[in-house]
Amino acid sequence: AKVTLSVIKADIGGFVGHSAVHPEVIEKARGCLEGHPLLIDYRVVHVGDDVNLIMTHNRGRNSGEIHQLAWDTFTACTEVAKKLKLYGAGQDLLSDAFSGNIKGLGPGVAEIEVEERESEPVVVLMADKTEPGAWNLPLYKIFADPFNTIGLVIDPKMHCGFDFEVRDLIENKKVILSCPEDLYDLLVFIGAPGRYAVKRVFHRGTGEIAAASSTQRLNLIAGRYVGKDDPVCIVRCQNGYPSVGEVLEPFAFPHLVSGWMRGSHSGPLMPVAMADARPTRFDGPPRVVALGFQLANGRLVGPHDFFGDPAFDRARKLALTIADYMRRMGPFEPHRLHLDEMEYTTMPQVMEKLKDRFIDLRRDKKPKEKAAGGVA
Ligand code: 13P
Ligand code: 13P
Ligand code: MG
Ligand code: MG
Ligand code: MG
Ligand code: MG
């Protein structure tokens, strides 16, 4: 029988501000999932102020019942958050009612359905204070860059490469690009992570799922700022897929992502152990956690908290150095995001206030004189 791994997450209220999740909220979520007849197994964790439900079951992807369970769990957690007056209670629940599928309602969803192999190691990546496109660079390195993933070169089961399903988050379109041949085309898109995000990756030999991420953009759903998406991603490992070490290796480089303070800044993605997933400095810097599980007939054997390894200490140190450097830019780009990418702005009000003080320099202009014999 196939097993589905569903990771569904939402920020339903921060403790304190946008830093973490209150223990009573986690307890409530566990209470909702414990012993539930739909589930084989589950874990509830938090990364920053986002509650992550990691669930296994036999209902397949996009199961209305599983999505309903997640929705009901978040709703119950929101009651706790309201009672404790946590910050932004129910923040990511953008609808009053559930209608069959949780996608488009605010929570982030990543799901894979697999025929369990003899051994089925998976890594669940979870981030706070950033957007779904934050996975583009690591997924590219994991599945297309032989300088990261030696398996692409020396493993006969991986040498065929991987297909990338890329979503256009603005026009809601998708395209499949096959690597290595489409590699340059792929980078044209995923190098713009605010618009294009890698939704899924498939093994080209078997057509099997290799990775899946959450790609909703909260502000596009809500039409206003409701915090960052704080995405999740599931990656299968070993035996035809990248090894665990190849999946984690890109995070030894804390690449710049959009998010951080007020969702409007660029900063380094810092790999941390679960205990350190409490973004604090300027509400950040953005964090990523990697939890490993062995699936055993749907049981979640784990988690193993990968970024607790001191081998990632230097990445953290570099992230902090980059954070110091970026912060000194204050309200200037490119630390502060470009106008089009900021989650909120006072520009319209300030423009309105100053409109009489603006002088249009085009108005009184005489027609341009032709430069005599000059080259235009
Ligand atoms: P071990 O000998 O520790 O099992 O390592 C095997 C391997 O392939 C590591 O990537
Ligand atoms: P979250 O999306 O994690 O709630 O962050 C929102 C924010 O504005 C941080 O400054
Ligand atoms: Mg929040
Ligand atoms: Mg968050
Ligand atoms: Mg958020
Ligand atoms: Mg071994």
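Begin by selecting ligand 2 together with D11, where an N or O atom in the side chain of D11 lies 2.9 Å from an oxygen atom of ligand 2. If you now show the surroundings of ligand 2, you will find 14 residues, of which the closest are H18, K129, Y225, K228 and D283, where a residue counts as near if one of its heavy atoms lies within 4 Å of the molecule.

Before going further, please note that this is a predicted model, in which local features need pLDDT of at least 70 and side-chain atom pairs count only at pLDDT 80 or more, while totals for chains, interfaces and linings use all residues. Residues are numbered from 1 along each chain as its sequence is written, chains are lettered from A and ligands numbered from 1 in the order in which they are written, and side-chain values use heavy atoms, with hydrogens and water left out.

Next, select the magnesium ion (ligand 3), which is coordinated by D11 (OD), H18 (ND1) and D49 (OD) at 2.0 to 2.2 Å. Donors here are N, O and S atoms within 2.8 Å of the metal (3.2 Å for Na, K and Ca), and, as water is not among the atoms, sites may look incomplete. Which residue coordinates both the magnesium ion (ligand 3) and the magnesium ion (ligand 4)? It is D49, and the two ions are 4.4 Å apart. Both D11 and D49 are buried, a word that stands for under 20% relative accessible area, with exposed meaning over 50% and partly exposed in between (1.4 Å probe, protein chains only).

Now move to E165 in strand β6 (residues 162-168), where strands (E, at least two residues) and helices (H or I, at least four) are DSSP runs numbered from the N terminus. E165 counts as buried because its relative accessible area is 1%, and its side chain makes a polar contact with the side chain of R167 at 2.9 Å. A polar contact is a pair of N or O atoms within 3.5 Å; within protein, one must be able to donate a hydrogen and the other to accept it, and residues adjacent in sequence count only if both atoms are side-chain atoms.

Finish at M347 in helix α9 (residues 347-354), which counts as partly exposed because its relative accessibility is 38%.
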